[in-house]
Each structure stands twice: as structure tokens, then as C-alpha cells.
Amino acid sequence: MNLESIEMRLQTLKQEQDLIVNQVDNAIALFDRSHQLILFNIKLIQIWGLSPAFLETKPTDEVVFNHIVEQGYWSESQKQNLETYLETADTANTCLYLQQSNGICLEVYTTLTSDGGRLFTFRDVTRYQQALRSASEIQDSLNAEVKRLNFLLQLTERLQPATDLQELGKFALSYLVKVTGAAFGDVKVIIGNGNQRYANAITNQISGQFIATHGEIAVAEMEALLNQGIPYGEGLLWDVVETGEPLFVEDYYKHPKALAGFKHPAIGQLGIFPIPAADGTIIGVLTLESRNLQKLQEAPQQDMLIAACRTLGVAIERVQAQENLLRINEDLERASQMKSEFLASMSHELRTPLNSILGFSDLLIRQSAGSLSDRQLSYVQTIERSGEHLLQLINDILDLSKIEAGKVELNLRAISIHYLCTECLKMIQVRALKKRLALTLELDYRLEQVNIDERRACQILINLLSNAVKFTPEGGQIKLCSRLAYGSQLEKEYRPDRSAINPSTPYLCLEVEDSGIGIPRHKWHLLFRPFQQVDASLTRHHEGTGLGLVLTKRLAELHGGTVSLESEVNQGSKFRVWIPLTEMRQQQTRIGDLEFAPQSKINLKLKEPSNSPAKAETKRVLVVEDQPYNQAFISEVLELEGYKVEMIYDGGTMMQTIYSPFVTPQSLPDLILMDIQLPQVDGIQIIRQLKAHDLWKKVPVVAVTAIAMSGDRDRCLAAGADAYLSKPLKVDELIACVRLYTHSESKEVNP
């Protein structure tokens with residue numbers, strides 16, 4: 001092979017070598033044993049901007065490295081570190097990391113060749129290092145967030161069981177002081193409004209090291225100031241309250257706004273953080289004293305404390321709401337008690353004159369004291385009807401109050417629906433006939449008997465039927481319908497309560513339909529509100545309190561049911577009561593019997609004496625009553641029946657009579673009518689004294705009261721009364737009861 005061929009071959013090999021070397025992504029520099037550059041690639045030129053001509057001169061590695069330093073890529077110390085590392089390396093292969101001034105990061109790999117030279121490979125790892133730094137930063141951020149969330153979780157767990165502000169503050173502060181390494185801290189709650197506000201410390205915590213270092217005197221002054229509260233405008237905390245931003249103070253004791261009790265050199269660095277409510281209003285502040293204020297100000301720690309204050313604010317709001325609700329409930333209980341006392345008092349005060357009005361009206365209608373003209377009789381009958389109407393209004397108000405207070409017990413038993421409906425129709429038949437109204441009854445004979453409270457069901461129907469009679473013009477029609485229905489039908493009805501309905505539940509549906517004046521749809525919502533009427537003006541044509549439908553709804557709900565309606569102006573109305581036939585109300589509030597005076601009757605299960613007292617030995621009745629009209633009424637009734645009536649006007653006189661030495665068995669009365677509401681000594685106490693007295697205990701005592709509140713009957717009987725009468729007294733009831741207890745034969749009574 002000639003020389004020319006050899007040179008061509010070498011040229012070809014060099015080109016192939018350059019092609020291969022330049023395909024490598026890393027910069028390559030090969031130095032021989034004399035440290036001269038004998039091989040490089042384009043990447044080496046690009047990474048430092050070296051001249052190819054310069055590299056073709058085969059400079060030594062020292063010259064190349066010096067040139068890189070001169071270009072500003074490396075520092076002199078970096079070059080020296082590289083050279084020193086290469087000289088001291090024990091192995092043929094080494095790796096070194098360099099970060100250049102232009103931000104490029106290089107990994108330098110060196111390998112010794114077989115002839116004593118050294119191959120340098122420079123790898124650009126800038127993106128890799130950036131990714132590592134980014135991942136590290138993300139990990140640090142995640143770790144900080146996990147730490148913060150874990151802190152808040154533990155704080156929330158500690159705050160949840162808290163039921164009062166002191167307990168709440170103690171939980172929060174003990175944790176925050178520990179986490180932040182604070183020397184002491186406190187939690188204050190803002191109380192009051194405007195310039196009358198003050199900050200009340202609900203708790204504070206001082207480390208034992210702080211006390212040991214600065215003494216108990218300084219601590220006592222601080223705690224005394226916290227206990228008395230900080231008025232508006234005093235101290236730095238009000239700046240935090242106004243701005244809603246945390247405040248950090250160096251050398252607090254030197255600050256012009258520092259509180260006198262905290263001006264100790266020991267108190268240097270303070271962080272004051274706002275505690276916001278849910279709406280952003282600042283309701284408190286958290287104060288922490290730290291040996292390292294910068295730590296409190298660092299973003300992760302500060303964010304954590306601000307988040308903790310938000311959590312604390314929500315918890316404080318919750319506890320304050322609970323305390324406020326407790327106060328409201330206590331006020332409501334007091335108001336309810338006052339209402340009950342007021343109703344009891346008003347019941348007595350209103351029923352007392354009504355007793356006389358109705359009693360004397362009844363006597364006049366009987367014409368016991370002489371005949372009346374037709375006009376006079378009409379007048380008296382009007383007085384009686386007005387009195388009965390007033391009594392009904394009083395009873396409606398009392399009934400509604402008792403039901404809303406949950407003081408009603410249902411007496412559920414199997415009742416014939418046919419009997420219930422026909423009896424209720426009979427009760428309103430006279431009123432309907434006066435207006436020439438047609439009454440019809442429609443029954444579903446699939447329902448023969450239903451477990452229901454008969455008295456309450458009767459009251460429901462009478463209320464609905466009475467309204468139908470009241471609002472239906474003369475010559476109209478009223479229909480009472482009873483049928484089996486299901487929840488799927490009820491779902492389509494207009495119901496004021498809008499409660500959830502089970503479509504498959506069977507119901508007893510009691511419907512009253514009339515052809516009356518109807519009700520505009522936009523006024524339906526007024527019908528079931530207490531004291532509301534569709535026509536509420538003073539010039540309305542229909543009287544009433546607006547309680548009938550409210551009572552109907554409440555009584556239906558006591559049975560676990562509801563009410564609905566349909567109505568159209570001038571086309572009539574349909575009111576329906578729905579009582580479930582399966583899940584009847586099982587739990588009932590217990591209070592004793594609820595008295596409904598208009599329907600209450602004393603059921604005397606005995607035959608009336610064949611001879612009236614007037615024809616036999618005259619019986620003596622002692623009446624203990626303080627109201628003159630009632631005294632006159634009772635005396636008139638009993639004297640007309642042939643009884644001798646003796647009167648005592650107050651409780652004190654009765655007590656003196658009981659223990660009088662002049663009382664003998666022969667002087668005892670045959671019966672005592674004992675009013676319960678008496679001056680000086682109440683009737684209950686007198687009954688107890690009578691039944692405990694050896695001489696008087698044989699005399700029967702009938703308790704008489706106008707209060708008519710639930711439990712009265714039981715209290716009277718428990719005190720020893722033989723029977724109980726509620727005012728206004730009915731003449732027939734009064735006479736029957738007196739005859740029962742003044743007759744010589746033993747009789748059975750079921751009051």
C-alpha cells in the first residue's frame with residue numbers, strides 16, 4: 001500500500017472518529033500522557049464557547065482550564081479543587097460535581113487511558129439538579145403542610161370536647177405554647193360593643209422556667225391585670241382587633257403602648273394574633289411571648305398560628321352560641337313558667353265572675369225564684385249564651401297553651417267511627433237548623449273502629465263543623481266524611497307542616513266539606529296560626545279567637561297525624577284531618593288529666609235519692625268561698641234544694657273553726673264545699689288539716705276551683721278531697737254532687 005493510500009485511509013478514519021465523537025451528547029476531551037489535547041468534540045466547543053482553532057493547537061489541560069477560568073465560567077478555587085482532586089484520586093476513574101457561574105451544573109468524569117493519558121467527560125446535569133431542588137422544595141413544603149395539618153387536627157380534636165370558654169382556652173393554649181416553645185401565652189375574648197368593649201382573659205399559661213427566672217411577683221402582676229380585663233384602647237391588642245392582622249413586637253417593655261403590668265425586662269418579644277369569627281369579626285386575641293420572635297414570624301409557623309386562631313375562633317363561637325342558647329332556654333323556661341302562672345291566675349280571675357253569670361242565668365232560666373216574661377227570658381238566655389261563648393274562648397286559650405307545652409296525654413282506645421261522627425253531628429245540629437243548613441254523613445265501612453282519643457277526636461270534629469256552620473250562608477250544605485286513605489293521597493294535599501309522608505301508610509281521613517264563603521289561596525297560610533283569622537279586621541263579620549284550627553292541627557299532630565285543606569272563594573272549603581292507623585304516637589308527655597270544662601261532666605254512677613233533702617232532715621253544707629257572687633249563687637242553688645248553707649269567707653277563719661274548742665260532732669256540717677283559691681290559707685292546706693283532724697276527717701270535702709289547670713284534680717284528691725268540681729259550676733252538677741255526699745246511703749262516685 002503506497003503512502004497516498006495510507007493517508008487517505010487515515011483521513012477516512014479521522015472523519016469517522018469525529019462523526020462518532022460528535023454524536024455523543026456529553027463534552028469530551030482526551031489528553032495524552034503529556035497532558036496535551038488530542039481529541040475533542042463539538043459539545044466541548046459549545047459548553048464553554050472555545051475556538052476550534054485554539055483546540056487544534058493541542059493545548060495542555062492546564063491551559064484549557066485556565067482559559068475556562070479566564071472566560072468566567074469557573075473560579076480559580078474550582079480549578080484548583082479539580083486539579084487537586086485529580087492528583088490525589090486513588091482510582092483510575094473519578095467523578096466530580098461543578099456548578100459554574102452561569103448556572104450550568106456539570107458532572108466531570110475522568111478515566112485514565114492505557115498509555116497514561118486521561119479522558120474527560122463533561123455531562124450537563126443542570127435540569128436534573130433543578131428537578132432535584134424542585135422536588136426537595138416540594139417535599140419540604142409537603143412536610144410543612146403535613147405538620148401544620150397534623151397540628152390543626154390535634155388542636156381540633158382537643159377543642160371538640162370543650163363545653164365552656166375556660167376549658168376551650170386551656171386546651172388551645174396549652175397546645176400552642178408547647179408547639180411554639182413560648183415562655184407564656186394567654187387567650188382573651190372580646191366582650192361588649194363599641195368603646196365599651198374589654199378583653200377578658202379566659203385562660204393563661206406561664207412556663208415554670210419563666211417563673212423561676214423572673215420571679216412570682218412579676219407573674220402575679222401580669223395575672224392580676226389579665227383577671228380584671230383590659231379596657232378598650234389600652235394596650236397593643238386593640239390594634240390587632242381593629243386591623244385583623246397579627247402584630248410582632250421587639251422589646252415589649254419599652255413600647256409606649258405596653259400595659260403597666262407587663263412592663264418587665266423579662267418580657268421582650270411578643271406575637272399577638274387575631275382570633276376571627278366565621279364572618280371575619282375579631283372576637284379574641286392570642287398572645288405568645290417567645291425567645292425567638294423570628295420563629296413566630298416565619299411563614300410556616302405564622303400560617304400555622306393564624307390557622308389555629310381561625311379554628312379557635314370557630315370553637316369559641318360554638319361555645320358562646322351554646323352558652324347563649326342555654327341562657328335563652330332558661331329565659332324561655334322562666335317565661336313558660338310565668339305564662340303558666342299567668343294562665344292559672346287569669347283562669348281563676350275570669351272563671352270566678354263567669355261562675356256567677358252562668359249560675360244565676362241558669363237559675364233565672366229555670367224560673368225558680370219567679371216567672372219571667374218572654375222578653376226577660378230571652379235576655380237571660382242571651383246572657384247565658386254570651387257567658388258560654390266567653391268560657392269557650394278561655395278554654396281554647398288554655399287548651400292551646402297546654403298542648404304547645406307538651407302537657408297533654410292521649411287516652412287511646414277503640415272508638416266506633418260511626419258513633420263518633422253521628423254524635424258530633426248531633427251537637428251542631430241545632431245551630432245548623434237555625435241557618436237551614438243540610439247536614440250529610442258519608443262513612444267508609446271498611447273502618448269500623450279506630451284507636452283514637454275520643455274526647456280529642458270529638459273536639460277536632462266540633463271545631464271543623466262549627467267553622468263550617470259559621471262560614472256557610474243560609475241554605476247551604478255541610479258534609480262530614482270518614483274514609484280509609486293512604487299517604488300517596490296525602491302527598492298531593494296542601495299541608496301547613498309539609499312533613500315527610502310515607503306513601504304506603506294507611507290513614508283515617510276525617511273530612512268536613514261546606515258550601516261556604518271559601519278562602520283565597522294567598523291566605524291559606526294564616527289559617528293554622530294562633531290568633532290569626534283570614535278577616536282579622538275589627539269590622540269582621542265572624543267572631544272568634546282564631547284558635548279552632550290551631551287546636552285542630554295540634555290535636556291531629558298529637559295523634560301522629562296532620563291536616564290539609566282545599567278551598568275556593570265562594571265555592572266552599574274542605575278541611576281534612578289525617579290520623580295514621582299504623583304508627584300511632586306511643587310516647588306521650590305525662591302530666592295527668594287535661595280538663596276541658598265545657599265537656600267535663602261529673603259522672604255519678606248511682607240512683608238519685610228518692611227524697612229530696614227538703615222533705616227529710618235538713619242537711620247542712622259549709623261553703624268556704626271568698627267571692628261574694630259565688631257565695632250568693634251557691635247559697636241560692638242549695639237553699640232552693642232545701643239545704644241549710646253556712647258560709648266562711650277566708651282560709652284563716654276556716655283554720656280557726658277547725659281547731660275551735662266549741663266544735664262538737666253534732667255541730668259538724670254534712671258536707672264542705674272548699675274553694676281552693678282562698679285568702680290567708682289556700683284550700684289544699686285546709687283539706688289536709690281537715691283530713692288529719694280526728695273530728696273533722698269524717699266530713700266529706702268537695703274541692704272547688706276556677707283554675708282548671710292540668711293536675712289540679714290530682715292535687716286536690718291527693719290532699720284528701722272526696723271529689724272535685726271545676727268552675728263555672730253547673731247547677732245540675734252541683735246539686736248532684738251535694739246530694740251524693742249528704743245522702744245517708746253509701747254511694748259510688750267517679751268524678
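Buried denotes under 20% relative accessible area, exposed over 50%, and partly exposed the range in between, with a 1.4 Å probe and protein chains only. The model is predicted: local features need pLDDT of at least 70, side-chain atom pairs count only at pLDDT 80 or more, and totals for chains, interfaces and linings use all residues. Residue numbers start from 1 along each chain as its sequence is written, and side-chain values rest on heavy atoms, without hydrogens and water.

Strand 19 (residues 620-624) is mostly covered, with five of its five residues buried. Helices (H or I, at least four residues) and strands (E, at least two) are DSSP runs, numbered from the N terminus. Arg620, Leu622 and Val624 point one way from strand 19. Val621 and Val623 point the other way. Strand 19 pairs with strand 20 (residues 644-648) in the parallel sense, over five bridges. Two strands pair if DSSP finds at least two bridges between them. Val623 has Met647 of strand 20 as its bridge partner.

An open sheet is built from six strands in the order 8-7-6-11-10-9, with antiparallel pairing. Its edges are strand 8 (230-231) and strand 9 (247-249), each of which pairs on one side only. Within the sheet, strand 6 (residues 184-191) and strand 7 (residues 198-206) are joined by eight bridges in the antiparallel sense. Val189 has its bridge partner, Asn200, in strand 7. Helix 7 (residues 165-180) lies across strand 6, strand 7 and strand 11 (282-289). Helix 7 runs at about 50° to strand 7. Axes are lines fitted to C-alpha atoms, for helices over the stretch in contact, and angles between N-to-C directions run from 0 to 180 degrees. Contact means heavy atoms within 4.5 Å.

Helix 20 (residues 683-692) packs on helix 21 (residues 712-719) at an angle of about 25°, with the axes 8 Å apart. Helix 20 is therefore roughly parallel to helix 21, a term for angles under 35 degrees. By class, this contact has four nonpolar, no polar and three charged residues. Ala, Val, Leu, Ile, Met, Phe, Trp, Tyr, Cys and Pro count as nonpolar, Asp, Glu, Lys and Arg as charged, and the others, Gly among them, as polar. Ile684, Ile687, Arg688 and Lys691 of helix 20 meet Arg715, Cys716 and Ala719 of helix 21.

His559 sits in the loop between helix 17 (548-558) and strand 17 (562-568). His559 is buried, at a relative accessible area of 0%. The His559 side chain reaches the backbone oxygen of Leu555 at 2.9 Å.

How values were computed:
A polar contact is a pair of N or O atoms within 3.5 Å; within protein, one must be able to donate a hydrogen and the other to accept it, and residues adjacent in sequence count only if both atoms are side-chain atoms. Angles under 35 degrees count as roughly parallel, over 145 as roughly antiparallel, 65 to 115 as roughly perpendicular and the rest as oblique.
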